Amino acid sequence: MDIKQGFIETVGNTPLIRLNSFSEETGCEILGKAEFLNPGGSVKDRAALFIIEDAERKGLLKPGGTIVEGTAGNTGIGLAHICNAKGYKCLIVIPETQSQEKIDILTLLGAEVRKVPAVPYSDPNNYVKLSGRLAEEMDNAIWANQFDNLANRMAHYQTTGPEIWSQTDGKIDVWVTATGTGGTYAGVSMFLKAKNPDIKCIVADPMGSGLYSYVKTGEISPIGNSITEGIGNSRITKNMEGAPMDDAIQVHDQEAIRVLYQLLQKDGLFMGGSVGINVAAAVALAKEMGPGHTLVTVLCDSGQRYQSRLYDRNWLASQGLSPD
Ligand code: PMP
């Protein structure tokens with residue numbers, strides 16, 4: 001018999017998918033880790049599970065307790081699923097700019113959702129800082145603190161990294177992905193570098209994020225902005241501290257959108273916005289490196305979470321973007 005004992009045992013062990021149209025176009029193997037197939041629908045299920053189980057082990061999270069988090073959505077969704085499966089309560093603080101689909105799922109899962117104005121990290125009312133204060137004020141509550149809680153990158157060091165290594169038999173030239181908290185990028189980079197220091201670990205950055213300039217010049221100086229959700233940062237989180245960053249690549253939204261529609265129409269993959277940035281970065285690197293290389297990136301979540309935006313031509317046009 002092969003039976004998973006509930007939601008929690010179903011997190012991780014996702015397939016690695018060859019992105020055929022892009023691989024054929026570039027003569028490289030462009031591979032996507034299918035994190036959208038996690039039971040909560042995104043790469044963040046892994047971090048949510050590790051954060052909760054780490055707090056349980058440390059005795060910080062007690063029966064009937066509440067998990068509080070500031071999140072662009074996917075971590076909140078992962079936490080809310082696991083809270084239901086383990087009998088905890090969940091309070092999510094989310095910037096009001098995030099897609100309605102994510103807010104609806106959180107509400108459906110029974111999380112208490114507080115929508116707040118999207119203000120920068122330097123503002124005391126920033127969603128991340130507010131969630132930390134709320135957790136402190138409540139009884140029997142913990143703050144998941146995904147940006148600076150190292151249980152996040154540990155999830156990827158212990159699971160995503162080893163899965164990618166064994167799924168490719170260690171034959172990888174490049175690992176490239178965008179970062180939100182940096183947990184996925186850092187955990188996988190640290191694992192792969194320890195296995196083979198020749199693997200290039202490259203940050204993909206949307207416009208409006210500061211990591212590209214950080215890697216290139218040592219200064220965090222974001223320019224422009226992006227419609228992608230869940231990625232981009234204007235600080236080095238604890239999860240990113242010490243992570244190998246061999247290089248960085250900046251991707252414009254228009255290129256990410258073009259890639260998303262190619263994934264949909266030629267590969268049959270209906271993906272979220274950050275996947276557009278990730279795959280566009282992998283394709284650009286493959287073209288630069290020439291045929292014969294293997295590049296791995298992340299398929300973070302599905303397009304369903306963004307149907308009313310990225311897959312609506314009128315909405316795209318309102319942002320000055322087009323699928324073609
Ligand atoms: N893509 C999406 C859609 C996300 O929600 C997130 C997490 N915020 C990421 C990518 C980045 O993952 P990480 O936090 O591990 O850097």
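**View 1. Helices H6 and H7 cross at roughly 50° in this predicted model.** The axes of H6 (residues 151-167) and H7 (residues 183-195) come within 7 Å. Axes are lines fitted to C-alpha atoms, for helices over the stretch in contact, with angles from 0 to 180 degrees between N-to-C directions. H6 is therefore oblique to H7 (under 35 degrees is roughly parallel, over 145 roughly antiparallel, 65 to 115 roughly perpendicular, the rest oblique). Helices are DSSP runs of H or I, at least four residues, and strands are runs of E, at least two, numbered from the N terminus. This is a predicted model: local features need pLDDT of at least 70, side-chain atom pairs count only at pLDDT 80 or more, and totals for chains, interfaces and linings use all residues. Residues are numbered from 1 along each chain as its sequence is written.

**View 2. Residues of H6 meet residues of H7.** On H6, the contacts include Met 154, Tyr 157 and Trp 165. On H7, Val 188, Phe 191 and Leu 192 are among them. Contact requires C-beta atoms, placed from the backbone, within 7 Å. By class, eleven residues are nonpolar, seven polar and two charged (Ala, Val, Leu, Ile, Met, Phe, Trp, Tyr, Cys and Pro are nonpolar; Asp, Glu, Lys and Arg charged; the others, Gly among them, polar).

**View 3. A shell of 20 residues surrounds the ligand.** Gly 180, Thr 181, Thr 184, Gly 230 and Ser 274 are the closest. A residue is near if its C-beta atom, placed from the backbone, lies within 6 Å of the molecule. H7 supplies the largest share, three residues. The shell holds six nonpolar, eleven polar and three charged residues.

Note on methods: Two residues are in contact if their C-beta atoms, placed from the backbone, lie within 7 Å.
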